[in-house]
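Open the model in your viewer and get ready to click from stop to stop. At each one, you will hear what to select and what is there.

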Amino acid sequence: MVRDEAMATATEPQSEHEIHWLQAMGRVLIFPLDTFRRLYDRPAFLGAALVQTAVYVVAGLALIGPTERAALAALSSAHLPAGVPAATVATERQMVPAIAYVSVLVLVPLTLWIRWTAVALVYYLVGLTAERETGFGRWYAVAVYAAIPGLVAYLLGALLLQLGPVAPALAKDPAALFSAGAFLPAAALTTWTGMFLTQLNPFTIWYLALAGSGFAVFSGWSRLRSMLMVVGLWLLEVLVLSSLAVVGAALTHLGGA
C-alpha cells in the first residue's frame, strides 16, 4: 500500500510549477518525471520539435560529404549484385549529391514528424484505457521530448563520421555507430539480426526511460507498467521495421540479379 501511494505521488502532475519548453528540453534528460509533471497543464512541444528539426537538418548538411562517400561506396562493385549494367551504376552515382540534399532537407524532417505523430497516436490510443484522461497534445509532447536522446546520439555520431569512413549501412544513421550492430561485419548489417542490433544502443535505453516517465505522468499508470508498455511497443516497432528492411534489401538484390 505504501509503495502504491509513493508511486502515485511520483507520477502526479504538479501544475503549479510550469516550465518553459526550452528549459524542459535540457531538464527532461536528467529529471524526466518532474519535467513531464510540469508540462502536464502546458505541454508546449512545438518549439522543442522545431529546434530538433533544425538541428537535424544543420547536422545533416554537415554530413553531406560523408553521406556521399558512403553512398558511392555502396555503389561500388563490392556492394552490388552481379550483372548490374555499368550505365545504371554511372547514372546512380551522378544522382548521389542530389539525393543526399533531398534526404537532408525533405526526408529527414518529414520522417521526424511522421514518427512523432505515429508515436503520439499510439500512446493516445493506449492512454484511452488509462485512469487519467489525456489529450493528444500531451502525448505529442511525450513523443517530442523523449526523442531528444536520439538527437544527442545523432550529433555525436555525426562527429565520428567526420573522422573517417564507416560501413555504408551505418553511415545512413549516425546513431547506429553507438549500437551493437557497429561491432558486426559490414555484410551482416543487412541481415535481420544486423538490422535489429543497429537499433540497440545506450541512447535507445535513455529514450525508453524518458518515454516511460512521460507515459506514467500523463496516464496515471505506475512507472513500471508504463515502462513495460513503452518497451513492448518499441520492440514491436523494431521487429516490424527490421523485417521490412530485410525484405527490401532482398528485393533490391533480386532486382539487380
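Start by selecting helix α7, residues 136-146. Its buried residues are Arg 138, Trp 139, Tyr 140, Ala 141, Val 142, Ala 143, Val 144, Tyr 145 and Ala 146. Here, buried means under 20% relative accessible area, exposed means over 50%, and partly exposed lies in between (1.4 Å probe, protein chains only). Nine of the eleven residues of α7 are buried, so this helix is largely enclosed by the rest of the structure. Helices (H or I, at least four residues) and strands (E, at least two) are DSSP runs, numbered from the N terminus.

Two notes before you go on. This is a predicted model, in which local features need pLDDT of at least 70 and side-chain atom pairs count only at pLDDT 80 or more, while totals for chains, interfaces and linings use all residues. Residues are numbered from 1 along each chain as its sequence is written, and side-chain values use heavy atoms, with hydrogens and water left out.

**The whole chain**

Zoom out and colour by secondary structure. A contact means heavy atoms within 4.5 Å. Among the contacts in the chain with a separation of 6 or more, 67% are between residues 24 or more positions apart. The accessible surface comes to about 13400 Å², and 71% of that belongs to carbon and sulfur atoms. Accessible areas come from the Shrake-Rupley method with a 1.4 Å probe; for residues, only the protein chains shown count as cover.

**The nonpolar core**

Next, select Phe 36, Trp 116, Tyr 123, Tyr 145, Tyr 207 and Phe 218. Of the 47 residues in the largest nonpolar core, these touch the most other members. A nonpolar core is a set of buried Ala, Val, Leu, Ile, Met, Phe, Trp, Tyr and Cys residues joined through side-chain atoms within 4.5 Å. Which element gives the most to this core? It is α7, with eight residues.

Now centre on Phe 218. Leaving aside neighbours within four places in sequence, Phe 218 is in contact with Phe 36, Leu 39, Tyr 40, Arg 132, Thr 134, Arg 138, Trp 139 and Val 142. Step along to Ser 219, which is found in helix α11 (residues 202-219). Ser 219 is buried, with a relative accessible area of 0%. Not counting residues up to four places away, Ser 219 touches Ala 130, Glu 131, Arg 132, Thr 134, Trp 139 and Ser 226.

**Aromatic rings**

Show the side chains of Phe, Tyr and Trp. Their rings (for Trp, the six-membered one) pair if their centres lie within 6.5 Å; planes under 30 degrees apart count as stacked, over 60 as edge-to-face and the rest as tilted. The structure holds 15 such pairs. One of them joins Phe 178 and Phe 203, edge-to-face, at 5.5 Å centre to centre with 65° between the planes. Phe 178 lies in the loop between α9 (168-171) and α10 (192-197) and Phe 203 in helix α11, so the pair ties together parts that are 25 residues apart in sequence. Are these two buried or partly exposed? Phe 178 counts as partly exposed at 26% relative accessibility, and Phe 203 counts as buried at 14%.

Move to Phe 215 and Trp 221. Their ring centres are 5.2 Å apart and their planes are at 55°, so this pair is tilted.

Now select Tyr 154 in helix α8. Tyr 154 and Phe 203 are 49 residues apart in sequence and 9.7 Å apart in space, C-alpha to C-alpha.

**Out to the surface**

For the last stop, select Leu 61, Tyr 101, Val 102, Leu 105, Val 106, Leu 107, Leu 110 and Ile 114. They form a nonpolar patch on the surface, with about 710 Å² of accessible area together. Helix α6 (residues 86-127) gives the most to the patch, with seven residues. Leu 110 lies in that helix and counts as partly exposed, at 47% relative accessibility.

Terms used
Patch = residues over 30% accessible without salt bridge, like charges linked within 9 Å, V, L, I, M, F, W, Y side chains within 5 Å. Salt bridge = Lys/Arg side-chain N within 4 Å of Asp/Glu carboxyl O.
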